[in-house]
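Here are my notes on the model you sent over. Have a look at it first, then go through the points below.

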Amino acid sequence: MKKLDIACIIDDDKIFTYVLSKQMKVVDFCENLLVFHNGLEAIKYLKPILESPEVLPDVILLDLNMPIMDGWQFLDEFVKFKVNKKITVYIVSSSIDVADHAKAATYKAISSFYIKPISRQDLANMLEQVSLS
Amino acid sequence: MHKKLELYEKVTPLAQLGIWQRNLITGEIYWNEYIRDIYEVGPEDYLTLNDASESYLDKEAACEMIEYAISTGQPQVGEFKMLTVKGTFKWVRMRVNTTFEDDQCTEIYGTLEDITSQVSMIRALEEREEKFHQAFDHAPIGMAIVSTEGHWIKVNNSLCSLLGYDEDEFLKHTFQEFTHPDDLDIDLSYMHRLLNKEIPSYNMEKRYFHKDGHQIWIYLSVTLVRDTDGLPLYFISQIKDITERKRSTEILLQERQRLDNIIKSTQVGTWEWNVQTDETIHNKRSAAIFGYHPNEIVANMMNTWHNFIHPDDREINFAELEKCFKKQEKFYACECRMMHKNGSWLWVEIRGKVIKWDDNNNPILMLGTYADIHQRKTMEQERKKAMEVISGQNGRLLNFAHIVSHNLRSHTGNIQMLLDMINHETEEDEKQKMMQMLVINTSNLQQTLSHLNEVVDVHSKGEYSKKILNLHKEVYRMLEVLSQSLRQVNAIKIVEVDPDINIQYDPAYLESILLNLVTNCVKYRDTDRQLHIHIKAYKEGNIVVLEITDNGIGIDLKLHGHKLFGMYKTFHDNNDARGIGLFLVKNQVDAMGGKIEASSVLGQGTTFRIEFS
C-alpha cells in the first residue's frame, strides 16, 4: 500500500497525538505529519498554503472536543476553502453521543467517524480507503 | 151607565183598541176609528164581513173562529196575519163575543188590536233562541248551563265528548263532582263572588276527571245570567280543552328546570350579549365567579366585563371574538385571566356562539359561558413546570452520561494505545517515555474521576441542604476570600446588593458560584486596563437576580455560547483554564432550581446573570 505524503492530526490531547504519531510510524502511514492542538491552529496553518496543493495534507484526523476552536467549527471554516486537492477528513473522537454521529453524517467532507482508541488496523483501513479513492 | 161609557171612550184611544159591532139581523155595523186605522180604510168606510175576512191571510181560520163563537156563544180570541187594502202586513189580535136573543145569535162584537210590533219581537226572540241553541249545541268548545247550585242543566256535544259522559249522565251530577279536588275551592270562591256581583265573570284553568278517570286540563269561562229583577238564574260556562298545551308547558318547564339544574351543577356563568348595543344579561353565577353580587355590577355592558380581562390576554381574546364574528370559527373560545373582586387574577374559559345575525352578516346576539378553570390551569402550569424540571434533569443526566463516557474513553483509549505501543516497542528509551506518559495519563484519569464526583455530588444534594443566606453578607465573605488576588491585580469592586436580600440556598454552592465567577473576572481580565468588577443584586417579583459584570476580554458567544457551560470547554489560550468552573456553576445553579445566563462583548467584558428561584 502506498504511504501518504502528508497526514494531519488535530487534537488537544497531547498524549493521544504522541501515541498516534508513534503508531503511524509503525504502520508507515505517511512521509510527513502535521499536528495541531485545536482547530484554530490548523486553520491558521492551512489558510496561507491553499494555493499550494503539494504542501496540503492528504488526510486530516480531526478531534471534536477541543478548546478555542472545536472540530465542528474547524469543519465550518474548512468547507469554505476552495482546494485543488482531495483531502480526506476522518473524525477521531471519544464521543459516542448519537447527536455527534448524526451531525457528522450531514458533512459531505467527512469520510468516516472513528471512535478512540485508534488501532493500527484502523490506520491501515484509512490508508487503504484513501489509496482506493 | 153614561159615566161608564165616558170612561170607556177616554181609555180606548190609550189602548189604541179597535172596537167593532155587527148586528146580524139588521146588518148594522159599528167601527170606531181605530178599526179603520187597522184596516186602513177611509173615515166613513165599512167593510162587509166577507170583505173584512178577505183581509186575513188565513181567512178560513178567522171565519172559523167567528163561526164558532156564533154557534156556541162562547167568546173567542185569535191572532192573525192580515194584508190591508193598502198592502200592509199586520199582526192583529181579534176578540169576539156574541149577543143571543131567543137562542139565536143576533149580534157579534169585539175588539181588534194591532200586535205587529209584539209579534215580530217574539219572533225575533225565538229566532235568537234558536240561534243560541244552534251555537250551543254545535260549538267546537264545551258549553254548559249550570244551576246556581252546580247542577248541569244543559251540556253540549263537545263537552260530552270531552268528559266521556252522555247528556243524561251529565244531568244527574254537579260540576263539583267532576272537578279535581285541588281546583274546587278556587272555582267555588269565584262562583260566590260572581253570585255576589263582585265580579262580572271569571276565567280559570282547572282539571276535570274524564269518565275513565284521567285528568283533563280545561280553560273555564263563566258568566251568570240573571232575571230582570237581577236574581241569579243560571251560569253559562265555556270549557276549552287545554290538556295538550298544559302538557307542553309542563314539558317546557321541566326542560327549563333541568337546564337550570345543569347550569347550576356545572358552575358555569352564562351571558347573553347584544353585540350592537353592548347590553348584556349575566346570570348570578357569572358575577359570583368574580366574587361579585349581581347588584354590584351596575353598568351591565359587555365592556365592563371585558375590562376584567388581563391586559396581556385581551389581544388574543378579541382576536378569537373577531374570528367568530367573521364566521371563520363557529364558536368563540378563549382561556384568559380575569380580575377577581379581591384583585387576584383568575383563569377563566370563555365560550360563546353568535345566534343571531343581521342581513349584512353582522352579529346581533351572542350567548356564552364563563367557566372557572383556575384550579385546572394552575395545576397545568405546575405540571408543565415539573415537566420542565424533569426533562431538564433528564437532559442533564444524558449530557452527564456522555461526558462520563467521553472523558473516560479518552483516557482509557490512551492507556490502551500506550500499552499496545509499549508491547511493540523495542527501544528502552522510548519504552520509558511511554511509561511516564502512562503515569501522567493515569493521574489525568484520576482527576477526571474526581471532577465527575464533584458533579455527582452537586446533583445528589436536594432541598434539605438549603439554608437562608444573606446575599450581601455572602458576597462580602467571598470578596474577603479573594482579597489577595484582587489586590494583586488592583481590581475595583462595586457592590450593589441590598442588605435585606435573603435567599434559600446551599451555602457551599453559593460560595462556589461566587468564587468561580469572580475568579473568572480576574483570570480573563484585560491586562491593558484596570479591572472593574460590578456585583449587583435586585428582586424581580419573587426572583432574586444577581449580576456579576467585568470589563475583561469577553467571550465570543456566537462561537462558544452553546458550550459555555460545558465540561472541559475552554475558550482562551489560558493555561489556568480547566474547563470545569462554569460547568460546576451551571450544575449548582440548576440543582437549586435557578437559571444562569451570560452576555458578553468581545474586548469589552462579560456579564453573568443568575436567577435564584
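1. A:Ile91 sits opposite A:Phe113 of E5(A). Strand E4 (residues 88-93) of chain A runs parallel to E5(A), with five bridges joining them. Strands here are DSSP E runs of at least two residues and helices are H or I runs of at least four, numbered from the N terminus; two strands pair if DSSP finds at least two bridges between them.

2. A word on the ground rules: this is a predicted model, with local features needing pLDDT of at least 70 and side-chain atom pairs pLDDT 80 or more, while totals for chains, interfaces and linings use all residues. Residues are numbered from 1 along each chain, chains are lettered from A and ligands numbered from 1 as written, and side-chain values use heavy atoms, without hydrogens or water.

3. Zooming out, chain A has an open, parallel sheet of five strands, ordered E2-E1-E3-E4-E5. Strands E2 (30-36) and E5 (110-115) of chain A are at the edges with a single partner strand each, so one side of each has no neighbour in the sheet.

4. Now the interface: 24 residues of chain A and 30 residues of chain B are in contact (heavy atoms within 4.5 Å). Two salt bridges cross between chain A and chain B (a Lys or Arg side-chain nitrogen within 4 Å of an Asp or Glu carboxyl oxygen). B:Asp420 makes a salt bridge with A:Arg120, their closest N and O atoms 2.5 Å apart. On the side of chain A that touches chain B, helix H1 (residues 14-27) of chain A gives the largest share, eight residues.
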